Amino acid sequence: MTTHPFDIAVIGAGNIGTAMAALLSRSGAQVHLVARGARLAEVRTSGVTLDDRGDVLHARPETVARLTRPMDAVFLCVKSQSLAAAVRDNAAGIGPDTLVIPMVNGLPFWFFATPHDMGDIPHLDPAGDLAALLSPRQILGAVLLMTVRMEGDRALSSNTPTLSLGPVTEGADKPRIDALIEVLEAGGVRTDLSEDIRQKVLVKLLANLATNPLTALSGAMLEEVGQTPLLREIATRLATDFRNWATIRGFDLPGNDWLVDLMIDAGSFPTSMLQDAQAGRALELDAICRAPLALSRRDGMDMPLLAGLIAEVETHPILPLPGAALPAALDGLLTHTASPKG
Ligand SMILES: NC(=O)C1=CN([C@@H]2O[C@H](COP(=O)(O)OP(=O)(O)OC[C@H]3O[C@@H](n4cnc5c(N)ncnc54)[C@H](OP(=O)(O)O)[C@@H]3O)[C@@H](O)[C@H]2O)C=CC1
Ligand SMILES: CC(C)(CO)C(=O)C(=O)O
């Protein structure tokens, strides 16, 4: 069982980490926030602030540059390409019984894990650090439905956080998971324990794969993708190709009407990949695009539109594309990338 108060670490003090640290602090758990650079100094001085549609939550978690003793649970709130470094840097905080929750978008490195093996997915965990440092039994798969962006030092959220958690193999520590869910609920995160976290991961990935790279290229907000015929056509074709691949793997994913509703409901929100493009930061292309594309090819089913979109995003040093260059790039994508029927 766990010690009390529950020791929870949040690694990464960006959008999601700031929001999670504020929410978890409200639960009464002992929250340790791992930050770096200028953000470390900022959080040490001012704490964390979450503004959920005018409802402001402020907290002062213990803020550290890295963890030095094992936690009950560790939320990895970094981009997926930063997971291995975050785990390596904070290995002292992850004991054999620590629950580790990667709060990332994209295909997760644990997707094919069995109790004794993390599995292997092209582009994810290329050096094998995550497989070496973590046991599949301690990982809780997570799908977070939340739209957050930083404005100054406050995290602005536009919806109630909803989290699905699920063990990725048998042998998980059920009492500790139950205790964690209690903490999350007390902090205001609507949390469910999913019997099939892989299905939920693929549903979220459908949305991210169909929208994130397209918004990074075009600069469009989510509702704009849903409302603009050319963008909507590209997004729904990307989704169709991905859904067809998932079907081969035995998953039944929601249709394009669901996707369009989701985009329109999200309103004027810049996806996390568009936020990264605008800030000149690395894009989460490996987990959201390249890994699913590689798996579909492994299964003998290409996704040419996705491949073309990745190539477009890789070609242009400055994203999003300026207005004048965008129509030609989008037309080229649709003309030169015939999709399999779906
Ligand atoms: N924003 C959103 O609304 C949503 C995001 N997501 C997903 O959540 C995940 C996190 O995204 P988000 O919070 O937006 O990303 P951000 O880029 O805003 O935050 C990541 C933070 O982690 C820090 N970081 C990276 N590596 C380390 C490390 N080794 N030690 C300490 N800190 C580290 C970064 O610091 P630095 O700036 O110095 O690099 C940055 O502050 C992504 O997978 C994203 O796709 C999911 C749902 C919605
Ligand atoms: C909001 C959403 C669902 C957009 O696809 C997201 O997860 C992101 O911005 O990365």
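The following dialogue explains the terms applied to this predicted model.

Modeller: Residues are numbered from 1 along each chain as its sequence is written, and chains are lettered from A and ligands numbered from 1 in the order in which they are written. In this predicted model, local features need pLDDT of at least 70, side-chain atom pairs count only at pLDDT 80 or more, and totals for chains, interfaces and linings use all residues.

Biologist: Why is alanine 220 called buried?

Modeller: A residue is buried if 20 or more other C-beta atoms lie within 10 Å of its own, exposed if 12 or fewer, and partly exposed in between, with C-beta atoms placed from the backbone. Alanine 220 has 24 such atoms within 10 Å, so alanine 220 is buried.

Biologist: Which residues does alanine 220 touch, leaving aside residues up to four places away in sequence?

Modeller: They are Thr215, Val225, Thr228 and Leu231; contact requires C-beta atoms, placed from the backbone, within 7 Å.

Biologist: How do you know that strand 8 and strand 11 pair?

Modeller: Strands (E, at least two residues) are DSSP runs, as are helices (H or I, at least four), numbered from the N terminus. Two strands pair if DSSP finds at least two bridges between them. Strand 8 and strand 11 (residues 162–167) have 6 bridges, in the antiparallel sense, so they meet the definition of a pair.

Biologist: What makes strand 8 and strand 12 stand at the edges?

Modeller: The open sheet has the order 8-11-12. Strand 8 (140–145) and strand 12 (190–193) each have a single partner strand, so one side of each lacks a neighbour in the sheet.

Note on methods: Contact = placed C-beta atoms within 7 Å.
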